[in-house]
Structures are given as structure tokens and as C-alpha cells.
Amino acid sequence: MRRPQKRSRADGTRIVGAGVLLALAGAGAWALANARQGRRVFKRRPDMPALAGGQGSHVERTVTILRSPTELYAEWRDLERLPELMPHLDSVTVLGGTRSLWVVRGPAGTRPTWEAEIVGDEPGRLIAWRSVGDGDVENAGSVRFTPAAGDRGTEVKVILTYAPRAGRLGVGLATLFGASADQEVREDLRRFKQRMEANEVAASAAPRGASEAREMARSG
Amino acid sequence: MRAACWLGPRDVRVRDVPDPEILNARDAIVKVTATAICGSDLHLYNGVIPTMRSGDVLGHEFMGEVVEVGAGNSALKPGDRVVVPFAIACGACWYCREGLTSLCDNSNPNARLAEALYGFSGSGLFGYSHLYGGYPGGQAEYVRVPFADTGALPVPPTLSDEQVLFLTDILPTGYMAAENCRIRPGDTVAVWGSGPVGLLAMKSAYLLGADRVIAIDRWPARLRLAESGAKAETLHYEEIDDVVEELKQRTGGRGPDACIDAAGMEAHGTTLDALYDRAKQAVRLATDRSHAVRQAIQACRKGGTVSIPGVYGGFLDKFPLGAAFAKGLTLQMGQTHVHRYLRPLLQHIESGRLDATFIVSHRWPLSRASEAYRMFNDKTDDCTKIVLDPTR
């Protein structure tokens, strides 16, 4: 049987601290934000990539996949194949070295484009990137692979910060990424998990069903 | 091809729809030789399961002959005669590896919808709304079976379609319901609902060592079947004042050791709470009617188990959690992990220990599906189980 442990002084302080922060954030706003389907509010943390001027929206999603960190890293690191799993990507072209060119399927047939640079690459552990130069969408992110406890596979965590270049697209990035970038990342991770575990992405109908499912996911 | 399509509440018709195609490498296409209407199909029929769309092909109990396999499916070949679990499972995720195939992480393309409703998504299901993946069902001439290399099980030619068809759902569902009761010698098991799942739970309860089984229903034909086919004692709940008291008296004042709710979210009843449920469900104030499970919780002995194979979809009103807590009950529930029961139950069938064919009351061609749904829903003509033949 587990004994109740005395809470250390340090822990107590941290909890009080968090409570104060929460109260400052405004309990009402917190509840409202959380009530919105699948949206989450993040406090800025050191591991969240920052854009110039500290602007941008954040997405953070984690999924556990029953494969090793090494296998998952290798699949993700093969950047040019990512559009197979992420239908909102039109193409990724490796330009050589750590540079790559990203083209997204934007609204009304637009193809927002940016160049990215890998800024962190630790085989079996981490890939981090950021946009460089004058692309349509400024963004920075990382994917981290951490072994899960007790043979449960690997926890894959994506953190993304993004901001459209002012006036460049004429539409909000929410439209660019569908109803929400958060949802898009969640679906990307779901497909990645299906590919890695089941060897294929589940589909109930094609091609109508696939687009419908996405439509439902967006409107749901 | 011809298929039984859901067009709206209480409107099922056989229509021409496009033939299914291989979409993924692990798929197979099965030519259906026998398919049944499930009690849970009636929840769709009555429109109480959300996210159905006009034209959806129904059916999750089906078997037949493999006519085509995907490039990555080396487990099957054309000509194989197979039964197909109603829950679609990848066989590779943590849940599948644990034998919890109806909780598969990877088989519901619309997982997002289920996550919004339930926190997490279970597996995809054949012919059971878009919430569960929007997969076309098997009340059709042909059906696409995803992950067929782990799902579809070849069956021996010595057994007839009817002997193995119920492996796809109701036999493992009844069996798992009984297994969840953790039956010990001397146990009495009470079963609400003498439909196919209830009847097969009764047979399974005896197989797993129960001393007595009591069947609770209001349809005389079904109670007769419980008596003759499953050797159960019967309790006609409209003929007695108080089911809970009656069960207590029949069990030496102790109450049944385990109670099985094989009725689910559209349970009928004659007491005040049942009428209240009906009214609320009718005006959409509540999604599920829970009379049977309430009574099961009330009747169960202290420390006993309430096992729930009956389907629930949403929110229950007046759920007696206090009674369950006060008596230290164990509640067991969920969709059946069909895959893990296929082989053991096939052995029981081959050895003659389990025979589910006694539940079949009607054998009709698929073309009469519309009429069949109406009859099954209204329980006319002593209907307990309808097997449809798409080849006739």
C-alpha cells in the first residue's frame, strides 16, 4: 500500500505559485478557452520556439506510438515523404544541407511557401526547425521522441509556433490550416501513428470519404 | 451491387450502390453469403445513434468468401471462407496487442468525432455510423474488409454458415458478458433481455460454471427460447410487481451474484423510471433509456458484478451510482473484443459445446431487408434473429 507522502515545502510553493498564475490568467477566460473543442492554452515555456518579436500562435500535441524512437525519428527525418501523411502539405523539397522548401495547400488554390532550416538534429531524439528568409509563413517547431514507460512505445511530441507574414496572404492562418492548426497537427500525428503501427492509414471510403472525414474533422 | 441502406429513422431499403473497392494494402473484398440483423442495428433503425447519413450501408454481422485481397495481405486468398469481426482492428497498436481489439487506436478514420464525445476513440465498426468510422456494412452483396489480414478468420468447410456466422458479434458478445461476471461455482446469473445476446450470455454462463441462470424479459416467445434453448429459469417482468424483490426471493434473499444487462439503451419497462426515460428520450432530453441497468444494479448482491453488453451511446439519467457504491459492485462493459474470442469459440462450436443456431427465427433473402427491420423492431412473428442471404 502506498503511504500518503508529506508534501515538500518546495512542492507546496510551486502549487501556490501555479494557483496565483491561474487566477491572474482569469478563471473565466481559462474555462472559455478550454471549453472550445480541442483548443488548449499554453503558457510560454523555454522549450517553445520563439519567432522574431515573440509573436505567433502555439500548438502542442503528443501521441504515443508503439515503435522505437529510432524508427520514428528515421521516418520523420525523411522530409520529402511527409506530404504523404500530411495532406495540407503540397510538397517538401530538400535543397541540400539542412535547408528545405515547404509548399502548403492554401485556401482558394494558393500555395504559401517558405524555406526552412533544421536547427536541431539528434538522431532518435529530436528534430527542430525554423523558417528562414522571407517566406509566407514564419514558423518554428520541433518534434521530440521519448521512450514511454513500460513497453508502451515512444511519446512523440510536436511543438509548433507560427505566424503568417503580415499582409502576405490576405487570410488568417486559421483558414490556411483548416479550422485550427491544433486539429491539423493532431490529425497529422494520428496518421503518422497509423502508418508506423498499422502500416497504412485507415480509410472508410475514397476519395470522397477521405475528404469528407477531413471536412467532418474541420467542421465537427 | 444491392445493399441494405439506412435512409432515415425507421427507413431501411435495399438499393443499388457502387461495388466496394480495395483502398488499402491489407484490405480484402468479401462476397457475403450470410448476414444478420443485430439488436444494436435497431438503435440505428430508431435513429438514436448520431452521425448516421442517408444512404449508409448497414450490417456488422456477416461472413462470406474472399474474392479479392490487397497487395499487402498475405494471410488470405480468393476463395477463403471467412467470418469477420464487427469491430475493425489493426492488430498492431498497444490495445490490439493487449487483446482489447474493440479499443484499437488506428481503425477509426473519424476518431476526432469520438474523441470529442468520449475523450478517446474506440475502434471503427462496420455499418455503425460515422462516429465509428463510416465504414459501409455487410448487409450487402459485397463488403470491403479493412485490416482483413488480422480480422477475417477462415472457417472449416464442415461447419455451416449459420453455425459460424454469430462468431462475428453476438456469440463473443454473450460470451464476454458472461466472462466479465467472473462466475464461480454455485453462482446465480440474472440476464435482462432474452434477445440473441442475452440468450448466448445465458448459454455461456452455464459453460463458464454458473449454477443457475434467470432470464428476464416480457416477450413470451423469447422467454420460451431462454427456457428451451439456454436452460434458463424465466421471469416475465410484466407479470410481477417487483423484479428486484422477486429475484431476492428466488436467491435465498441474497440476490444474483452477477447481473447482465443485455437490453441496453432502449430498454423497456413498466415502472415509473422507465416511463420517465421514454418521455425524455422522445423529446431528446436524454439520449439513453437505462431501466434495465438500473434494475440490475439494484438487484445485484453485495460485492457482485454488473456486466453490460447492451449498447449505450450517450448520457444516462438517474443512474444509481449510490447503490453500486454502497454494495461495492463491479461494473464491466464495452464493445466486444471479438478477435480474441474467435478461435476459442470456434473450438467450442466444433466440439458441440456451443451452438448458437437455436436463436434463428427467420431466414430471408437480402431483398426483404426493409420488411425484416420492421418485423425485428416490432417483435412480430416471434422474431428473435433474422439471417439474410444476399445470394438468393
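This is a predicted model: local features need pLDDT of at least 70, side-chain atom pairs count only at pLDDT 80 or more; totals for chains, interfaces and linings use all residues.
**Strand E6 in chain A**

Let us start with strand E6 of chain A, which spans residues 137–147. Eight of the 11 residues in E6(A) are buried, so the strand is mostly covered, with "buried" meaning that 20 or more other C-beta atoms lie within 10 Å of a residue's own.

E6(A) pairs with strand E5 (residues 126–132) of chain A through five bridges, and the two run antiparallel. Within that pairing, Ala128(A) has Ser142(A) of E6(A) as its bridge partner. The hairpin made by E5(A) and E6(A) has four residues between the strands. If you look at Gly133(A) in this hairpin, you will find a positive phi near 75 degrees.

E6(A) also pairs with strand E7 (residues 154–164) of chain A, again antiparallel, and here 11 bridges join the two. Pro147(A) stands opposite Thr154(A) of E7(A). This hairpin has six residues between E6(A) and E7(A), and Gly150(A) in its turn takes a positive phi of about 60 degrees.

**Strand E14 in chain B**

Over in chain B, strand E14 covers residues 258–261.

E14(B) is joined to strand E11 (residues 188–192) of chain B by four bridges, with the strands running parallel. In that pairing, Trp192(B) stands opposite Asp261(B) of E14(B). Three bridges link E14(B) to strand E15 (residues 305–308) of chain B, also in parallel. Here Ala258(B) finds its bridge partner in Thr305(B) of E15(B).

| Strand pair | Bridges | Direction |
|---|---|---|
| E5(A) and E6(A) | five bridges | antiparallel |
| E6(A) and E7(A) | 11 bridges | antiparallel |
| E11(B) and E14(B) | four bridges | parallel |
| E14(B) and E15(B) | three bridges | parallel |

**Where chain A touches chain B**

How many residues does each chain bring to the contact? Chain A supplies 21 residues and chain B supplies 26 residues. On the chain A side, the elements that give two or more residues are helix H6 (181–198) and helix H7 (208–219). H6(A) gives the most, with five residues. By type, the chain A side divides into nine nonpolar, seven polar and five charged residues.

Technical notes. Residues are numbered from 1 along each chain as its sequence is written. Chains are lettered from A and ligands numbered from 1 in the order in which they are written. A residue is buried if 20 or more other C-beta atoms lie within 10 Å of its own, exposed if 12 or fewer, and partly exposed in between; C-beta atoms are placed from the backbone. Two strands pair if DSSP finds at least two bridges between them. Two residues are in contact if their C-beta atoms, placed from the backbone, lie within 7 Å. Ala, Val, Leu, Ile, Met, Phe, Trp, Tyr, Cys and Pro count as nonpolar, Asp, Glu, Lys and Arg as charged, and the others, Gly among them, as polar.
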